[in-house]
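Have the structure open and try each task before reading on.

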Amino acid sequence: MADNGRKYREKYGEWALVTGASAGIGLEFARALAREGMSIVLTARREDRLNALAAEIREKHHVNTRVVAADLAANDGVDRLADAVADLEIAVLVNNAGFGYAGRFDKLATDRLRSMVVVNCVVPVVLTSRIIPGMVKRGRGAVIVVGSVAGRQPLPLHAVYSATKGFDLLFGEGLWGELRGTGVDALVIEPGPTATEFQSVAGESVGTDHGEPAENVVRVALDALGKHPSVISGWFNWVRANAVRIVPRSTAAIIAKRVVEGQTPVELR
């Protein structure tokens, strides 16, 4: 990405908005786009982390930043965020905020399941709906949706999470088809296991160092932006995601359950 100079700012505009920017993939998207000279709106719940990242970005890359602390699971969270950036021409929107929740469905808390569907599905739809008309009017812009290879198959013990990521995949690829010819690009990036806080937040029993580095995921996404409707990060993840095409879905679900069981606390299986 470093060889591209300010390719993304020149192509799309000045401001990028990254949700879930306090850690993991969102944090690396913010850093990567700032390296391209883009000013960054950083949003997540943890304002202290956002402020620290904003200071780092301003010092290293001499771009503008705006911090918007927001709980996107709240009823008015996404609209408050959209209102807070209404004065800016958002050129790149990275719908990264999201979380998982591991365990057998009947053992999981209803409120947390509801929040996961809101953050993973409702928020990217509403935020994109609020922001994308300006991009289309200007004739340039980009929307990135962070999906998951989990959205390619049934995933027992992560049933709702995989369903939300299937939604994200179809939503983003549908946008790609609609927006062709408008100057606005859309992309779904589908990582597999990534070395972020995802596993601990989801309640899995694996460490945060488990998986592909987040910066690799971001590199794959930005390299594919404007070229493909979706891209899977990592060759092994591509093989795993596409294996469901050659085996019965029942077999895929059984195999997936055996894998996920090893990452799920016994009391939630």
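**Exercise 1.** In this predicted model, work out how helix α2 (residues 24–35) and helix α8 (residues 214–224) pack.

*Solution.* 
Step 1: The two axes lie 8 Å apart, at an angle of about 55 degrees.
Step 2: Roughly parallel needs an angle under 35 degrees, and roughly perpendicular runs from 65 to 115; α2 and α8 are therefore oblique to each other.
Step 3: Look at the handedness next: the crossing of α2 past α8 is right-handed.
Step 4: Now list the partners. From α2 come Gly24, Ile25, Glu28, Phe29, Ala32 and Leu33, and they meet Ala214, Glu215, Val217, Val218, Ala221 and Leu222 of α8.
Step 5: Sorted by class, the residues of this contact of α2 with α8 are nine nonpolar, one polar and two charged.

**Exercise 2.** Stay with α2 and describe how it packs with helix α3 (residues 47–61).

*Solution.* 
Step 1: Here the angle is about 20 degrees and the axes are 10 Å apart.
Step 2: Angles under 35 degrees count as roughly parallel, so α2 and α3 are roughly parallel to each other.
Step 3: α2 makes a right-handed crossing with α3.
Step 4: On the α2 side, the contact uses Leu27, Ala30, Arg31, Ala34 and Arg35, while α3 supplies Leu53, Glu56, Ile57 and His61.
Step 5: The class count for the contact of α2 with α3 is five nonpolar, one polar and three charged.

**Exercise 3.** At what angle do α5 and helix α6 (residues 159–179) cross, and which residues meet?

*Solution.* 
Step 1: The axes of α5 and α6 come within 9 Å, crossing at roughly 10 degrees.
Step 2: α5 and α6 are therefore roughly parallel to each other.
Step 3: Among the α5 residues in the contact are Leu113, Met116, Asn120, Pro124, Thr128 and Val136; the α6 residues they and their neighbours in the contact meet include Val160, Lys165, Asp168, Phe171 and Leu179.
Step 4: By class, the contact of α5 with α6 holds 14 nonpolar, three polar and two charged residues.

**Exercise 4.** Find the second largest pocket and say what lines it.

*Solution.* 
Step 1: Start with the space inside: about 150 Å³.
Step 2: Select the lining, made up of Ala82, Val85, Ala86, Leu88, Glu89, Ile90, Arg130, Ile131, Gly134, Met135 and Arg138.
Step 3: Which helix gives the most to this lining? Helix α5 (residues 110–138) does, with five residues.
Step 4: Finish with the classes: the lining of this pocket has seven nonpolar, one polar and three charged residues.

How values were computed:
Residues numbered from 1 in each chain as written. Predicted model: local features only at pLDDT ≥ 70, side-chain atom pairs only at ≥ 80, totals over all residues. Heavy atoms only, no water. Axes fitted to C-alpha atoms, helices over the stretch in contact; angles between N-to-C directions. Helix = DSSP H or I, 4+ residues; strand = E, 2+ residues; numbered from the N terminus. Parallel < 35°, antiparallel > 145°, perpendicular 65-115°, else oblique. Left-handed = near helix turned anticlockwise from the far one by under 90°. Contact = heavy atoms within 4.5 Å. Nonpolar A, V, L, I, M, F, W, Y, C, P; charged D, E, K, R; others polar. 1 Å grid on protein atoms, 1.4 Å probe; cavity = no way out; pocket = protein on both sides within 12 Å on 5 of 7 lines; lining within 4 Å. Points joined across faces, edges and corners; volume = space filled by probe spheres on them.
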